[in-house]
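This report describes a structure for a reader who has not seen it before.

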Amino acid sequence: MFTRHTLPGLVAVAAALATPAASSAADPFAQAVEQANKKLVKVFGAGGFARLNNYGTGIVISKEGHILTVASQLLDTADLVVHLYDGQRLKAQVLVTEPLLDVALIKVKVEGKKIEEPNGLDLDYFDFDAAVKRGPAAPGDWIIGLSNTFEIALRDEPLSVQRGVISAYTKMAGRRGIFEFPYTGDVYIVDAITNNPGAAGGALLNRKGELIGIIGREIKNTLSDTWMNYAIPVGAKTVVKEKVTVKDKDGKDVEEERDRELSMPEFVRLAMKGEYKPIQRKPVIGGQGGYHGIVFVPNVLERTPAYVEDVAPGSPADKAGLRPDDLVSFVDGEPIVSIKAFDDFIKKNTRPGTVVRLEVRRGEALQTVELTLGAHPARPAPATPPAPKKP
Amino acid sequence: MTRLLRPSRLLAAAVPALALAAALSPLSAPAAPLPVDKAVLDAQAARIEAIKKVHPAVVAVCMPDGTGCGSGVLIDAEGYALTNFHVVQATGPFPTAGLANGVLYSAVVCGIDKVGDVALIKLVPKEKGKPFPFVQLGDSDKVKAGDWSLAMGNPFSLAMDFTPTVTYGIVSGVNRYQPPEGKGLLEYTDCIQIETSINPGNSGGPLFNMRGELIGINGRGSFEKRGRVNSGVGYAISINQIKNFMGHLRAGIDADHATLGASVGSLSEDAPLQQMVVKQLLDESDAFRRGLQEGDQLLEFAGRATTSTNQYKNILGIFPKDWRVPLTIRRKNARQELLVRLMGNQAAVVERPMPGGPPMPPAPAPKGPAPKGDGETAKMYEGRKGYSNWYFNVLEQNKLLGAFKKHGDFSAVAGRWVIEGKFEMADRNGPMKVEIAEVDGAAKVTMRLNIETTLEPLKQTDVAVQQEPIGSGGLMMAMYHYHRFLTRGAKGFEGLFAHGGHEPFYPYPLDGPGPKSLAELRADCAVIATKHGSVNCKWYFSLKDATLLGFETYVDKDAKDTENRDPCEVYFHDYKDVGGGRKLPHKMEVRFRDKRYAVLTVTKYATEK
């Protein structure tokens, strides 16, 4: 099996290494990079605080300026701007995003034209359909990464080039901070350090400069806790749970969860026509969330496991029968890695009256309990020890 | 179960990569020979050859006690080596330097460039005169994104025997701008961005192209969440920038970078295309006196297009202060070219700045008394304000003046000089006679260009008088200093006599139409800066053969009335032997404030003992 993977890799290595022997003017890397650079843009949007960059990269996929990038906070602004390779600064607008594919389609906005009208632009672009048709690259294949990593380039400055090989074609298992990364589909893992601030939305190319993937964000691998260098392949697929409303046998509306396959080619095809419907996700609720009455163990670690120390008498947790030493493992099916994760979930997703389903580990067994969250009592529950300062 | 699957998937990903690495290593040849293309083997052989060639010249720059600190590279047989300023900042003036042969040499810091983060050190050979291995300087303007590169040095001070570590990768970008780290120092302009792995300890080490030519000095990287180790983005100072400073570095100067004396910015950050315009000008800047105005659009700076703020900073950042560079501007749809003297960057010498970003192990706190060199290096170090090591300035002066002496020794003719010939100005011409006498400390210059003027340079201190003849900027004063420079040398300049590094000089053609571009005129020169009385001069010697191509005379360099700061410029042409192997110019062009004052044609030099 290893030989099968290694051999094609070596041939690719061989071909690429041969080039420096020739004159550097004939170096196909430089040429491929120069061509590809014309089909990429620097994206500037929301951010600039708390380690959220306000810069990123985008891939032009139509002559009228349809641009693929990742579905990050960068796009949460009305003042989205792109810089073309020749230094032109143009406004852009988000057409549609799909966080579950971590992709967004934005489009250059030409002054005086509506976003859906022909805008007369004639940009260099990557033919996305052709990229999909070429099929996935294999482990061992050489890649070129092209992105605005660390915002090194502005205006007409060329993007940064890196090279490496594909280490694996696999499924994503990552987290951002304490959150599981929503995208769990196909990814290329590469051996170059491609994923740095601003690199997200950049292009992963083969040696010929052809598009094979979209460079992802700064994500840590959930298993090894190391930074990942990945890109989402142009033909990526993922399966997600979608909430749909269906009629039950009595004709009543009920919510049901269904598996749905999402694919990058389908996203691009529909989004370009303005027909893509993002997956319905549960609305995120702000505020304090509902009251549960659980007192956790002192939160002394970055990821203190959510062990119950005590429950407030008469609280929803008490009523549901939670006990000291229970370990809260899942809430509504979401894994809970820490006390903070639990608190964040409650804040984001609940309000008084919400029913949450907890999976708790008690001894060796997993128990399921349901809590109907209440309103926060006027006086706070017994004070929990203050969370330690982050290192 | 799922939990178990994931690691194995990771493992499967890692193994081909490992197998690949193993297969590439010549030590672990696969059992069955792989059919490898000849071109591949040739390329590999060429790469190994390139590494072998430069390997002995890579330096592990160490603390005085021999512990590792940074890296460097030898650039000539005498033992001069380039490294980062932030490396010698840690080692002090007497670093030690380990070579790949395992030998630790004593060294001394020669010149430094704090803003550019470059330092030149000199290694002391174990046997006097024994040549060091060294590398060739390349042309970093020819480097392109996507080119292969080799970084060498001593990352993490790994090699106890100083054998350099080699890393291999591509150039990620060129002409990159990285802002200063701390107090305006360590600004990386026009630098080379590499993915070639560099880590703490690589600082100051060489970046080579695949021919083994030095294209840059590795110095810093972009770091964020991944920590202060290689994160795929490193930067090397381009060798072409360092070449601009090489004269300064060799002359032991604490070199400064240039500013224009004007703030140049984008007309509008929101404009579809950026236009760089002059926003503010300092009254005391040469740019202001050369006619630059607020609102002028800056098209080109030193021959390169200024298309963005970063590009402008890139171009400006590669020049030492006091250099003259041509600017192309657009004003009211007319293009115009100006030749501007750049100002200094550092207002004052900043005391021990802390470097922020560069990959380098933290400097240990200085312990005990100030470091002293060993016997040899202690002799090679002399501190002086404005210089990192005055010893090397004297060394370079002597080299330059030694070469200049081949054009004639004038010390034997220190008496009265009479120069006769004719003069031509825009509106008149006629016979010319200049008499320069300096007897018993009483100096007098008499000059007849139709009318006769005289100057007693040391007695008449009024600036207006010293600048006579009117419109010349001080030609009589200039001739007095020329005579003094030739006949007395360093002894004649009590205020200052120093090697000033390298600068471009722009001798105009004497006849015919003006040049198409000022850049065509450029002649690279070594400079001697002098001061006698209140008058400063700069003497420009061709780098080719040490011919004195001309000089500038600043009657009042720091005049309150900034108008008076412009020098009288004299350009020498048509050198002929006047006897005794002494060569003197027989045509001189005198220029003042962008205009020709006169062309003097000499028919006779009468030089007395």
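Strand E31 (residues 583–592) of chain B is largely enclosed by the rest of the structure, because seven of its 10 residues are buried. A residue is buried if 20 or more other C-beta atoms lie within 10 Å of its own, exposed if 12 or fewer, and partly exposed in between, with C-beta atoms placed from the backbone. Helices (H or I, at least four residues) and strands (E, at least two) are DSSP runs, numbered from the N terminus.

The model is a predicted one, in which local features need pLDDT of at least 70 and side-chain atom pairs count only at pLDDT 80 or more, while totals for chains, interfaces and linings use all residues. Residues are numbered from 1 along each chain as its sequence is written, and chains are lettered from A and ligands numbered from 1 in the order in which they are written.

E31(B) has a partner strand in E30 (residues 568–577) of chain B, and the two pair in the antiparallel sense over nine bridges. Two strands count as paired if DSSP finds at least two bridges between them. Glu569(B) stands opposite Arg591(B) of E31(B). The hairpin of E30(B) and E31(B) has five residues between the strands, and there Gly579(B) takes a positive phi near 105°. E31(B) also pairs with strand E32 (residues 595–607) of chain B, in the antiparallel sense and over six bridges. Here Lys587(B) has Thr601(B) in E32(B) as its bridge partner. In the hairpin of E31(B) and E32(B), two residues lie between the strands, and Arg593(B) has a positive phi near 50°.

Strand E22 (residues 355–362) of chain A pairs with E23(A) over eight bridges, and Arg357(A) has Glu370(A) in E23(A) as its bridge partner.

| Strand pair | Sense | Bridges |
|---|---|---|
| E30(B) and E31(B) | antiparallel | nine bridges |
| E31(B) and E32(B) | antiparallel | six bridges |
| E22(A) and E23(A) | antiparallel | eight bridges |

Chain A as a whole has six helices and 23 strands. Of its 391 residues, 45% are buried. In helix H4 (residues 264–272) of chain A, the buried residues are Met264(A), Phe267(A), Val268(A) and Ala271(A). They lie on the same side of H4(A), because they cover an arc of only 95° around the axis; the arc is that of the directions from the helix axis to the C-beta atoms. Among the elements that cover these residues are strand E5 (89–98), helix H3 (128–133) and strand E17 (253–263) of chain A. Gly274(A), with a positive phi near 75°, follows H4(A).

Tyr125(A) is in the loop between E6 and H3 of chain A. This residue counts as buried because it has 20 C-beta neighbours inside 10 Å. Leaving aside neighbours within four places in sequence, Tyr125(A) is in contact with residues including Lys39(A) and Val60(A); two residues are in contact if their C-beta atoms, placed from the backbone, lie within 7 Å.

Both chains are divided into domains, with bounds that come from an automatic or database domain assignment. Chain A has domain 1 (2–233) and domain 2 (294–372), and their C-alpha centres lie 40 Å apart. Chain B has domain 1 (36–257 + 345–360), domain 2 (258–344) and domain 3 (403–607). The centres of domain 1 and domain 2 of chain B, taken over C-alpha atoms, are separated by 31 Å. Between these two, 14 residues of domain 1 are in contact with 11 residues of domain 2.

Confidence is given as pLDDT, the predictor's confidence in each residue, from 0 to 100. Chain B averages a pLDDT of 88, and 90% of the residues score at least 70. Over residues 1–23 of chain B the pLDDT is below 50, and over residues 348–369 of chain B it stays under 50. The model scores ipTM 0.82 and pTM 0.82.
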